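Thanks for coming, everyone. I'll keep this short. Have the structure open while I talk.

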Amino acid sequence: MINSKIFDINFNNPLVLASGILGVHAEYFKTLEKNNVGGITTKSISLDPRKGHKNPIMFNDNHGFMNAVGLSNAGIDKSIEMIKHAKQIVKTPIIASIFGGNVEEFGELAKLISEAKPDIIEANISCPNVKKEFKLFGANAEDAAAITNVVKNNTKIPVVIKLTPNVTDIKPIAKSVEQAGADGITAINTLAGMRIDINAKMPILTNKFGGLSGKGIFPVAIKNVYEIYKTVNIPIIGTGGITTGKDAIEMLMAGASLLGVGTAVYYEGVKVFTKINLEIEEWMTNNGYSNIKEIIGVAHE
Ligand SMILES: Cc1cc2nc3c(=O)[nH]c(=O)nc-3n(C[C@H](O)[C@H](O)[C@H](O)COP(=O)(O)O)c2cc1C
């Protein structure tokens with residue numbers, strides 16, 4: 001059995017499309033559902049529409065994938081319509097990702113997005129690619145707790161908080177969001193990075209700095225999820241570099257209950273969900289497991 005029930009929501013399998021990978025278009029959601037996705041996270045939604053950064057905003061550098069998209073999105077009003085439409089055409093649980101510039105905006109976003117009845121709200125307090133106007137609330141325990149509090153106070157929908165690996169110690173931050181009432185944690189967002197074009201003698205991304213994702217960050221994601229699992233008692237959506245069924249099993253063993261898949265969709269297309277699910281089932285059969293619950297956290301002594 002690779003299905004699971006988390007926050008009383010049924011997931012056919014543990015693979016969730018990570019935020020920012022395919023926007024919030026309902027028609028994509030149908031395609032994802034046909035391709036065995038277990039859950040769908042929207043691109044992060046802000047109050048006002050955002051154009052994002054100018055190109056180049058992403059590239060693949062063999063070891064990983066760099067992006068500084070700049071959180072482009074259609075804004076809350078259009079996103080509410082899109083999620084309502086998506087809820088009519090897919091049965092797959094939908095996770096609405098929100099991000100604001102201050103505590104009040106997060107509260108307003110939580111209240112407004114609840115109208116669209118997503119299954120889960122994910123508060124993104126961890127994007128490394130936006131300067132000035134957005135504070136990295138995930139960088140310290142107090143800010144992370146303040147956002148958790150305000151989002152929880154403005155919705156009855158389960159809330160997960162998405163954390164950043166760009167901190168010295170993720171454990172106190174995870175603890176503080178749990179204490180502030182978070183129902184779950186998503187980890188990790190991208191790692192802050194930069195590349196320089198040696199011919200042009202300038203940064204490749206217009207934003208200069210970007211976020212590293214994909215295979216190269218998998219060990220970092222495993223370590224963070226392992227530490228969070230040791231620290232809290234709420235479910236974790238383990239995200240970062242998952243590409244194969246064996247990666248998925250490793251992430252479950254580190255302590256994740258659901259698994260975010262992002263960059264692998266760029267490399268392999270939406271068929272990657274079917275591939276990883278089949279590989280998970282094959283590994284379970286070969287190793288005598290009948291339920292993924294039995295695998296969660298087994299790497300902990
Ligand atoms: C192009 C791109 C855009 C992203 N946009 C968002 C976003 O809007 N909100 C968010 O929380 N994470 C965003 N992320 C981070 C992913 O959701 C995920 O946490 C990260 O990429 C690690 O997973 P992966 O290695 O499977 O891609 C983005 C990642 C990429 C590659």
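**Cavities, pocket and core**

Let's start inside. The second largest cavity has a lining made of V16, L17, A18, S19, T41, E122, K162, T186, I237, T239 and G260. Remember, this is a predicted model. Two elements, strand 3 (15–17) and strand 15, each bring at least two residues to that lining. Sorted by class, the lining has 4 nonpolar, 5 polar and 2 charged residues. The volume of this second largest cavity is about 40 Å³.

How many cavities of 30 Å³ or more does a search of the whole structure find? The search finds 3. For anyone new to this, rolling a probe the size of a water molecule over the atoms shows where empty space is left.

Now the largest pocket. Its volume is about 600 Å³. Strand 6 (65–67), strand 16 (258–261) and helix 8 (263–268) are the elements that give two or more residues to its lining. Which element gives the most? That is helix 8, with 4 residues. In total, 40 residues line the largest pocket. Nearest the pocket centre lie S19, G20, I21, N67 and T190. S19 also lines the second largest cavity.

Next, the core. In soluble globular proteins, nonpolar side chains tend to be buried together. Here, the largest nonpolar core has 78 residues. F106, V151 and L163 have the most contacts inside this core. Helix 9 (residues 272–286) supplies the largest share, 6 residues. There is also a second, separate core of 9 residues, and I6, V16, I120 and V160 are among them.

Take V151 as an example. What does V151 touch, leaving aside its neighbours within four places in sequence? The contacts are I98, F106, A110, I121, A123 and V159. One of those, F106, is itself among the residues with the most contacts inside the largest core.

One more residue on the inside: F29. This residue sits in helix 1 (residues 26–34). Is F29 buried or exposed? Its relative accessible area is 1%, so F29 counts as buried. F29 and I89 are 60 residues apart along the chain, yet their C-alpha atoms are separated by 8.3 Å.

Helix 6 first, residues 218–231. Why do we say its length agrees with expectation? Helix 6 has 14 residues, and at 1.5 Å a residue they should span 20 Å. The end C-alpha atoms are 20 Å apart, so the two agree. The buried residues of helix 6 are F218, A221, I222, N224, V225, E227, I228 and T231. What covers them includes helix 5 (171–179), strand 10 (184–187), strand 15 (236–239) and helix 7 (245–254).

Over to helix 7. This helix is mostly covered, with 7 of its 10 residues buried. They are G245, D247, A248, I249, M251, L252 and A254. Their cover includes helix 6, strand 15, strand 16 and helix 9. Just after helix 7 comes G255, with a positive phi of about 135°.

Where is the cis peptide bond? It joins A187 and I188, with omega about 15°. I188 belongs to the loop between strand 10 and strand 11 (191–194).

Then two lysines. K201 is not a glycine, but has a positive phi of about 55°. K201 lies in the loop between strand 12 (196–197) and strand 13 (202–203). With a relative accessible area of 70%, K201 is exposed. K208 also has a positive phi, near 70°. Find K208 in the loop between strand 13 and strand 14 (209–213). K208 has 43% relative accessibility, so it counts as partly exposed.

To recap: the largest pocket is lined by 40 residues, the largest nonpolar core has 78, and the cis peptide bond joins A187 and I188. Questions, please.

Key. Residues numbered from 1 in each chain as written. Predicted model: local features only at pLDDT ≥ 70, side-chain atom pairs only at ≥ 80, totals over all residues. Heavy atoms only, no water. 1 Å grid on protein atoms, 1.4 Å probe; cavity = no way out; pocket = protein on both sides within 12 Å on 5 of 7 lines; lining within 4 Å. Points joined across faces, edges and corners; volume = space filled by probe spheres on them. Core = buried A, V, L, I, M, F, W, Y, C linked by side-chain atoms within 4.5 Å. Buried < 20%, exposed > 50% of the residue type's maximum accessible area, 1.4 Å probe, protein only. Contact = heavy atoms within 4.5 Å. Expected span 1.5 Å × (residues − 1). Nonpolar A, V, L, I, M, F, W, Y, C, P; charged D, E, K, R; others polar.
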